[in-house]
Amino acid sequence: MSGLSGALVDRHRIGIATVLALPTGGVEMVATGPPADFRSKTDQIRGMMRDIRFADGA
């Protein structure tokens, strides 16, 4: 399965985003982390996922 990966960087952390193409079209993204973070930061996580862009424009 092919996909794209890129660095995620903020003031406190660095990570990697990997987006894989689904055979049926579209993509699937999975966020992981402490459950308390998901409960308190749901809007920020959704916004981050909507805003992921890759530098080469792919």
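This is a predicted model: local features need pLDDT of at least 70, side-chain atom pairs count only at pLDDT 80 or more; totals for chains, interfaces and linings use all residues.
## Basis of the model

Local features need pLDDT of at least 70 and side-chain atom pairs count only at pLDDT 80 or more, whereas totals for chains, interfaces and linings use all residues. Residues are numbered from 1 along each chain as its sequence is written, and side-chain values use heavy atoms, with hydrogens and water left out.

## Overall fold

The chain holds two helices and three strands, where helices (H or I, at least four residues) and strands (E, at least two) are DSSP runs numbered from the N terminus. Along the sequence the pattern reads β-β-β-α-α.

## The sheet

The three strands make an open sheet in the order S1-S2-S3, with antiparallel pairing; two strands pair if DSSP finds at least two bridges between them. S1 and strand S3 (27-28) are the edge strands, each with a single partner, so one side of each has no neighbour in the sheet.

Seven bridges link S1 and S2 in the antiparallel sense, and these two strands form a hairpin with four residues between them. Within this pairing, Gly6 stands opposite Ala17 in S2, and Ser5 has Thr18 in S2 as its bridge partner. S2 and S3 also run antiparallel, joined by two bridges. Ala21 stands opposite Val27 in S3. The hairpin of S2 and S3 has five residues between the strands, and in it Gly25 takes a positive phi near 100°.

## Burial, contacts and surface

Of the chain's 58 residues, 10% count as buried, meaning under 20% relative accessible area with a 1.4 Å probe and protein chains only. Among contacts (heavy atoms within 4.5 Å) between residues at least 6 apart in sequence, 18% join residues at least 24 apart.

The accessible surface of the chain is about 5000 Å², and 57% of that belongs to carbon and sulfur atoms. Such areas come from the Shrake-Rupley method with a 1.4 Å probe.

## The largest pocket

The largest pocket contains about 870 Å³ of space. A pocket here is an open set of points on a 1 Å grid over the protein atoms alone, where a 1.4 Å probe fits, with protein on both sides within 12 Å along at least five of seven lines; lining residues have an atom within 4 Å of a point. The volume is the space filled by probe spheres set on the points, which are joined across faces, edges and corners.

Its lining has 28 residues, and Leu8, Ala31, Thr32, Ile45 and Met48 lie nearest the centre. Strand S1 (3-9), strand S2 (14-21), helix H1 (35-40) and helix H2 (42-51) each supply at least two lining residues. S2 gives the largest share, seven residues.

Definitions and conventions: Buried means under 20% relative accessible area, exposed over 50%, partly exposed in between (1.4 Å probe, protein chains only).
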